[in-house]
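Here is a short briefing on one protein model. Look at the sequence and the structure first, then read the points by topic.

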Amino acid sequence: MARQQSLLQWLCSLLLLACAADALKFELPSHTGAENQKKERCIRNFVSKETLVVVTAKVDGFKGDGMMVNIHIRDGIGNEYARPKDVVGDSRSVFTSHDDAYFDVCFENIQTGRAHNPSVRSVELDIDIGADAKDWSAIQATEKLKPVEAELRRIEETTTEIVQEMDYLRAREQKLRDTNESTNTRVKWFGVGTTWLLIALWSWQIMYLRAYFRSKHLI
């Protein structure tokens with residue numbers, strides 16, 4: 001029994017390792033803050049409606065070093081989720097998405113004084129979505145679950161999210177296919193109508209020229 005439990009736990013850990021993603025690290029150079037020099041570095045992710053998202057950012061440096069890092073979290077349809085300013089150290093933003101849309105986590109490093117050389121800050125970003133964003137340790141303690149049961153719950157929710165995303169992509173593909181077929185039908189009938197219009201115009205020109213030449217006794 002213990003051997004089976006150990007094997008099951010190993011398989012669950014392997015699946016979780018396959019789904020895991022490393023944090024993103026990058027350098028963020030500073031700028032003066034002028035409108036024509038405004039520079040944001042944005043990381044984009046897609047999220048389904050009413051999905052839990054946890055954005056964790058770790059920014060090095062210290063306040064008073066001549067730089068100020070601001071974070072802006074927003075989606076593509078106008079929803080704004082968080083806007084922490086002058087971030088130093090760890091910053092954690094938790095929100096639930098309002099719509100099926102892409103959301104951007106944007107960083108901006110504004111030079112506020114005489115910055116040290118080089119005038120950059122290092123940022124480490126980690127974005128957890130859905131099942132990965134939940135605190136499974138707290139859930140395990142609250143519901144008195146075994147470690148294997150908690151991992152199975154997490155895998156189940158992750159699988160459900162993958163299935164829902166596939167259903168969403170299939171619905172989008174069907175909608176795009178219907179739009180493409182409708183466009184092709186309209187183009188076809190437009191071509192047919194244009195052809196008959198040209199034939200009618202050609203016939204009218206022939207009849208007009210024949211009548212004109214007869215009136216002038218040319219034919």
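Helices (H or I, at least four residues) and strands (E, at least two) are DSSP runs, numbered from the N terminus. This is a predicted model: local features need pLDDT of at least 70, side-chain atom pairs count only at pLDDT 80 or more, and totals for chains, interfaces and linings use all residues. Residues are numbered from 1 along each chain as its sequence is written, and side-chain values use heavy atoms, with hydrogens and water left out.

**Helix α3**

- Helix α3 covers residues 147-215, which is 69 residues.
- The expected span of a helix is 1.5 Å times one less than its number of residues.
- For α3 that rule gives 102 Å, and the end C-alpha atoms are 101 Å apart, so the two values agree.
- Buried means under 20% relative accessible area, exposed means over 50%, and partly exposed lies in between (1.4 Å probe, protein chains only).
- The buried residues of α3 are V148, A150, E151, I155 and T158.
- After α3 comes H217, which has a positive phi near 60°.

**A stretch named in UniProt**

- UniProt, in an unreviewed entry, lists residues 189-209 under "transmembrane region".
- UniProt positions are given in the numbering used here, feature names are shortened, and annotations may be inferred rather than shown by experiment.
- In the model, residues 189-209 are 100% helix and 0% strand.
- The end C-alpha atoms of residues 189-209 are 30 Å apart.

**The four-stranded sheet**

- Two strands pair if DSSP finds at least two bridges between them.
- Four strands form an open sheet in the order β1-β8-β3-β6, and the pairing is antiparallel.
- β1 (24-29) and β6 (89-96) are the edge strands, since each pairs on one side only.
- Neighbouring strands of this sheet are turned by 25° against each other on average, direction ignored.
- For such angles, axes are lines fitted to C-alpha atoms, for helices over the stretch in contact, and angles run from 0 to 180 degrees between N-to-C directions.
- Six bridges join β1 to strand β8 (residues 120-129) in the antiparallel sense.
- L28 stands opposite R121 in β8.

- Most residues other than glycine have a negative phi.
- E50 is not a glycine, yet its phi is positive, near 55°.
- The loop between β2 (41-47) and β3 (52-59) holds E50.
- E50 has a relative accessible area of 63%, so it is exposed.
- D86 is not a glycine either, and its phi is positive at about 50°.
- The loop between β5 (80-82) and β6 holds D86.
- D86 has 24% relative accessibility, so it counts as partly exposed.

**Salt bridges**

- Side chains of opposite charge can pair when their charged atoms come close.
- A salt bridge is a side-chain nitrogen of Lys or Arg within 4 Å of a carboxyl oxygen of Asp or Glu.
- How many salt bridges does a search of the whole structure find? The search finds eight.
- One of them joins E157 and K134, at 2.8 Å from N to O.
- E157 lies in helix α3 and K134 in the loop between β8 and α2 (136-143), so the pair ties together parts 23 residues apart in sequence.
- E157 is partly exposed at 21% relative accessibility, and K134 is partly exposed at 34%.
- R153 and E143 also meet in a salt bridge, at 2.7 Å from N to O.
- That pair links distant parts of the chain: R153 is in helix α3 and E143 in helix α2, 10 residues apart.
- R153 is partly exposed at 26% relative accessibility, and E143 is partly exposed at 41%.
- R177 forms a salt bridge with E173, and their closest N and O atoms are 2.8 Å apart.
- R177 and E173 are four residues apart in helix α3, so about one helical turn separates them.

**The disulfide**

- A disulfide is a pair of cysteine sulfur atoms within 2.5 Å.
- A search of the whole structure finds one disulfide.
- C42 and C106 form it, with their sulfur atoms 2.0 Å apart.
- The C42 and C106 link is right-handed, with 110° about the S-S bond.
- The pair links distant parts of the chain: C42 is in strand β2 and C106 in strand β7 (residues 101-111), 64 residues apart.
- Is C106 buried or exposed? At 1% relative accessibility, C106 counts as buried.
- C42 is partly exposed, with a relative accessible area of 36%.
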